[in-house]
Amino acid sequence: MNDWPALDRFLRTDPRDAGCDQAMEMLHVYVELVEAGNPAEQRYPGIAARLRACGPCGEDFEGLLAAVRGDAD
Amino acid sequence: MPGAGPRLRPVAPWPRAIGQVPAAADALMAITGKLGQFRGESRFTTWACKFAIFEVSAKIGRHFWRHPAVPLDAEDWDRLPDRFGADPAQEAEWRDLAAALRRAVDEVLIPRQRQVFVAIVLNGVPLDALVVELGSSRNAIYKVLFDARRKLRSVLVADGYLRDDCPGNS
């Protein structure tokens with residue numbers, strides 16, 4: 001049973017998932033919390049769940065965080 | 001004294017420089033159109049950068065269809081093990097699981113869920129590219145995939161292929 005962990009992880013869904021629209025609406029606020037070292041995931045668990053589950057949303061988050069930290073190419 | 005200091009000249013006139021980077025021009029348009037929505041919840045630069053990133057994501061999605069790797073409606077189930085990094089040494093186990101997954105896709109997904117699952121999971125179509133092709137939104141496509149994943153996992157758990165070891169998740 002369960003010899004394919006990547007598939008298992010992919011099929012798992014998090015009921016807290018806020019959805020792309022809500023996550024992207026607040027992404028700039030979430031990114032600044034992360035940048036400042038504040039507990040963004042505790043304050044916005046639905047957004048955190050979305051960023052973990054949705055590849056494109058996660059990439060947008062990583063890109064914006066890199067941009068505000070000034071380490072984007 | 002005004003005009004006494006050195007004057008900086010741009011490398012290229014502004015419109016031409018922006019025009020040489022279409023994504024930058026589109027991002028600038030997107031930001032300009034949303035200026036009235038800025039509520040001061042973050043620095044302006046962070047807020048503006050967000051829309052530039054969204055524009056680039058959408059553009060990457062649009063560009064995918066210029067040279068798509070596979071047709072949207074192709075179904076190559078042999079790609080599944082590679083997509084999820086199955087261990088070749090455990091071929092018998094994952095073949096069994098793959099067959100169960102395929103049965104579940106056939107039996108429990110509605111056509112739209114199946115279309116999105118096949119495109120993203122089997123064919124590796126980027127989510128933003130699928131959004132463009134189906135004339136939908138990232139949120140709507142992701143919701144379809146979310147429901148498909150929940151259904152498929154439920155079937156695989158019920159049939160004993162996956163463990164239901166995380167209460168609250170399905």
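I take contact to mean heavy atoms within 4.5 Å. With that rule I looked at the two chains: the contact takes 45 residues from chain B and 35 residues from chain A.

Ground rules for these notes: the model is predicted, local features need pLDDT of at least 70, side-chain atom pairs count only at pLDDT 80 or more, and totals for chains, interfaces and linings use all residues. Side-chain values use heavy atoms, with hydrogens and water left out.

Next I checked buried area (accessible area, 1.4 Å probe, that two parts lose on being put together, summed over both). Chains B and A bury about 3,600 Å² between them, and 61% of that is on carbon and sulfur atoms. On the chain B side, Phe84(B), Tyr142(B) and Arg149(B) lose the most area to chain A, together 18% of what that side buries.

Then salt bridges (a side-chain nitrogen of Lys or Arg within 4 Å of a carboxyl oxygen of Asp or Glu). I get 5 across the interface of chain B and chain A. I looked up Arg43(B) with Glu32(A): their side chains meet in a salt bridge at 3.6 Å, N to O.

Last, a helix pair inside chain B. The axes of H5(B), residues 91-108, and H8(B), residues 138-158, come within 10 Å and cross at roughly 125°. I noted the contact residues: H5(B) brings Leu97(B), Ala100(B), Leu101(B), Ala104(B), Val105(B) and Val108(B), while H8(B) brings Lys151(B), Leu152(B), Val155(B) and Leu156(B).

Terms used
Residues are numbered from 1 along each chain as its sequence is written. Chains are lettered from A and ligands numbered from 1 in the order in which they are written. Axes are lines fitted to C-alpha atoms, for helices over the stretch in contact, and angles run from 0 to 180 degrees between N-to-C directions. Helices (H or I, at least four residues) and strands (E, at least two) are DSSP runs, numbered from the N terminus.
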